[in-house]
Amino acid sequence: MKFYWIKTPALVAWLFGRFEWRVPTLEKKVYLTFDDGPIPEVTPFVLDTLKEFGAKASFFCIGDNVQKHPEIFELVKQSGNAIGNHTFHHVKGWGTDYNTYIEEVRMCEKLIGSAHPLDQKIMRPPYAKVTRRQAKTIKQMGYRIIMWDILSADFDQRISPEKCLDNVIKNIRPGSIIIFHDSQKAYENMKFALRGTLEYLKKEGYSCEPLY
């Protein structure tokens, strides 16, 4: 059975303080993020739903998917949402040699370029698995390394869409960075949980911001 935390423990965030786990703020703002796209049907659904609620988000794109679906990536670029690096092949830093991993980041960067509106580079290591040496180089390349405060677990096909939504809304606080996935595997859970999350945030007076 896979183990994962829905809410990132404070001790973990403190021990790995060189990464960004949430945005320090008292304002009612949260940061929705989407990993693993762009994917036909799924990513356009996310973009349309965000637009419907007047929300912005951050998309951590896999370079191989950008290369396969340039027209979908163009939609993300034109949407005004933030765009981040998620390596070219969604590789796990642990167990991947240093040079191979950094080349994965560079290959993805060549495709997404300076797509971020303010030319700030953001990166999320797949599976949150990255070595100290890899992370140091990524930061030297000008990236902020973004982790998360809340994991929706939409990728877990053992749980229901309702459970996925509950994972998010019961843990929201100002500055939360929330992970969804715009992937085929997560689609059924995500499309239910995303709408429910946006409805909840609107009711509670939160805004959804990109990670600029």
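**Exercise 1.** Which residue forms a salt bridge with Lys-29, and how far apart are the closest N and O atoms?

*Solution.* Start with the source. This is a predicted model, in which local features need pLDDT of at least 70, side-chain atom pairs count only at pLDDT 80 or more, and totals for chains, interfaces and linings use all residues. Residues are numbered from 1 along each chain as its sequence is written, and side-chain values use heavy atoms, leaving out hydrogens and water.
Apply the rule: a salt bridge puts a side-chain nitrogen of Lys or Arg within 4 Å of a carboxyl oxygen of Asp or Glu.
The partner is Glu-27, with the closest N and O atoms 3.7 Å apart.
Check exposure (buried: under 20% relative accessible area; exposed: over 50%; partly exposed: in between; 1.4 Å probe, protein chains only).
Lys-29 is partly exposed at 24%. Glu-27 is partly exposed at 46%.

**Exercise 2.** Describe the salt bridge between Lys-7 and Asp-149.

*Solution.* The N to O distance is 3.1 Å. The pair links distant parts of the chain, 142 residues apart. Lys-7 lies in the segment before α1 (10-15), Asp-149 in the loop between β5 (143-145) and β6 (150-151). Helices (H or I, at least four residues) and strands (E, at least two) are DSSP runs, numbered from the N terminus.
Lys-7 is partly exposed at 26%, whereas Asp-149 is buried at 2%.
Now extend the pair: Lys-7, Asp-149 and Arg-173 are linked in a network of salt bridges.

**Exercise 3.** Locate Ser-58 and decide: buried or exposed?

*Solution.* Ser-58 sits in strand β2 (residues 57-61). Its relative accessibility is 0%, so Ser-58 counts as buried.
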